[in-house]
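Walk through this fold with me, one site at a time.

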Amino acid sequence: MTAKTLMIQGSSSSAGKSLLVTALCRIYARRGIKVAPFKAQNMSNNAAVCADGSEIGRAQALQAVAAKLAPTVDMNPVLIKPEADSRSQIVLMGRPWKTLEAKTYYEKKQILWEHVTQSLDRLRAEHELVIIEGAGSPAELNLRYGDIVNMAVAQYAKSPVLLIGDIDRGGIFAQLLGTLWLLEPDERALIRGFVVNKFRGDLSLFEDGIQIIEQKGGIPVLGVVPYLKGLSLPDEDAVSVEAASLAAQPASPAQTDIAILALPRIANFDDFDALRAEPGVHIRHVDSASQLGTPHAIIIPGTKSTMADLNWLRQTGLADAIIRFAKQGGAVVGICGGYQMLGQSIHDPLHVESHDDSMHGLELLPLVTTFAEKKATHQVDARILGFSTLAGETITGYEIHAGETHSKTQWLEIFHRNGEQVSVKDGAVSPNGKVWGCYLHGLFQNDNFRHAWLKSLGWQGEASSQSVRFEESLEALADAVESALNMPLLEKIIWER
């Protein structure tokens, strides 16, 4: 079979493309359609690991779950993971390929394009419908020659396109109509409908706005999607972390206050979504020592550049503040790169991620990390060796790291990696049990572990299930979008061509 396609493009980044694709995947999956997501090129340090160890963007993994599929690398063949302002690691077909400066990336277009088209062809051969996501805006005129993710994909697949705009940020007419008018005639012909996203208030007050968009654009508005709150679903990129950092507020006395460091190169920041969703837990993203205050716990998250972000901790005064906090009996947790920072030293003899050969860590845990060229990417099952009442329990998670860490106080034993039986020790913990870390992303998605750790901080909230909350959020998202869109018209756009 060759699947039908529908492409979602946006007037800008963060217009809502990823969530609309997620919603459509769930809508059609629950209608019994074999549907799959696809994004040719994603730029994010928020990655997921597939069953074979390949990396793809977190958004495509979420969309796969919405489609009731296991994520595969064909859903996101090119993943760009920024390491600095103008340098990124290119993950091609799930594996690290090259580290490139921005100005040289587009020279590799032909190589990347071959993988993009082959992945899309394979998905179309295996499914009835592929929902394609664009990136940023298709009207970035200076980038058109290197396009492998927006109109180039739509034209290759001969796919109808929905253009989505974010009314919450203002300028919705300029967003949608300006984007449409900047496209070439053959590209405009593929745009079959507009979607207005993140609408607040009385929809009747925007009826004339819909008419204006349709009259001036000559294209129907398929729907106005309301601003959706309270969804327990991961964000695609660190824009949400930056916004949360700027809006950080003190916790109330009744809340368990957790400060997560807003590292410049933060990665896999959705590790903590399950904590944020718990009643009575207050999450703050902190980027200065003055913001830190006296939380119940500090979390140092993963990062794409451990040594650079460790330097940043020292420059901002956060490193000294964390050390003082830990020595006063405070709880400090490090995940992946944050775990590496908690150790005695970090070594990079091959200059995998830094020009420095070595660097002192925060020296809060007895461990030493050495970077290696080969990146570890695994879905894992692990057994807890410590943590009192949790000893012997199993948890799930995933690894994405280049470092090899030697610890004297390991508290986890990984017994499955990508489905294969292994015996690998991980993690380190301080004598008082307050400072600990490990390589496992997704750790707090495990309900028993999350609740036990929160209770150790004094949390007295009612335990909840993250998996149930996650599934309820997917259904709520799909319900809201299905109600907002003109589904009969969308059906014609997809199937009648």
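Glutamine 63 sits in helix H2, residues 58-66. Helices here are DSSP runs of H or I with at least four residues, strands are runs of E with at least two, and numbering starts from the N terminus. The model is predicted: local features need pLDDT of at least 70, side-chain atom pairs count only at pLDDT 80 or more, and totals for chains, interfaces and linings use all residues. Residues are numbered from 1 along each chain as its sequence is written, and side-chain values use heavy atoms, with hydrogens and water left out.

Glutamine 63 counts as buried because its relative accessibility is 0%. The cut-offs are under 20% relative accessible area for buried, over 50% for exposed, and partly exposed in between, with a 1.4 Å probe and protein chains only. A polar atom of the glutamine 63 side chain lies 3.2 Å from the backbone oxygen of serine 18. Contact means heavy atoms within 4.5 Å. Not counting residues up to four places away in sequence, glutamine 63 touches Ser18, Val21, Thr22, Cys25, Pro37 and Glu133.

Two of those contacts, Cys25 and Pro37, lead onwards. Take Pro37 first: strand S2 (residues 35-38) holds it, and both faces of that strand are covered. Val35 and Pro37 are buried on one side, Ala36 and Phe38 on the other. S2 runs parallel to strand S9 (residues 129-133), and four bridges join them. Strands pair if DSSP finds at least two bridges between them. Valine 35 has leucine 129 as its bridge partner in S9.

Now cysteine 25. It is buried, with a relative accessible area of 0%. Which cysteine sulfur is closest to that of cysteine 25? It belongs to cysteine 50, 15 Å away, so the pair is too far apart for a bond. Cysteine 50 is also buried, at 1% relative accessibility. A disulfide needs two cysteine sulfur atoms within 2.5 Å. By this rule the count is zero.

Next, the nonpolar interior. In soluble globular proteins, nonpolar side chains tend to be buried together. A nonpolar core is a set of buried Ala, Val, Leu, Ile, Met, Phe, Trp, Tyr and Cys residues joined through side-chain atoms within 4.5 Å. The largest has 64 residues, and Ile258, Leu313 and Trp453 have the most contacts inside it. Helix H13 (residues 318-327) gives the most to this core, with seven residues. A second, separate core has 46 residues, including Ala64, Val161, Ile167 and Phe206. Leaving aside neighbours within four places in sequence, tryptophan 453 is in contact with Ile258, Leu275, Ala297, Ile299, Val333, Trp436 and Phe444.

Strand S18 (residues 331-335) runs parallel to strand S26 (residues 435-438), and four bridges join them. Isoleucine 335 has cysteine 438 as its bridge partner in S26.

Most residues other than glycine have a negative phi. Lysine 158 has a positive phi, near 50°. Lysine 158 lies in the loop between helix H5 (151-157) and strand S10 (161-166), and counts as exposed at 64% relative accessibility. Phi of asparagine 418 is also positive, near 50°. Asparagine 418 lies in the loop between strand S23 (412-417) and strand S24 (420-426). Its relative accessible area is 24%, so asparagine 418 is partly exposed.

How values were computed: Polar contact = N/O pair within 3.5 Å; in protein donor to acceptor, adjacent residues only side chain to side chain.
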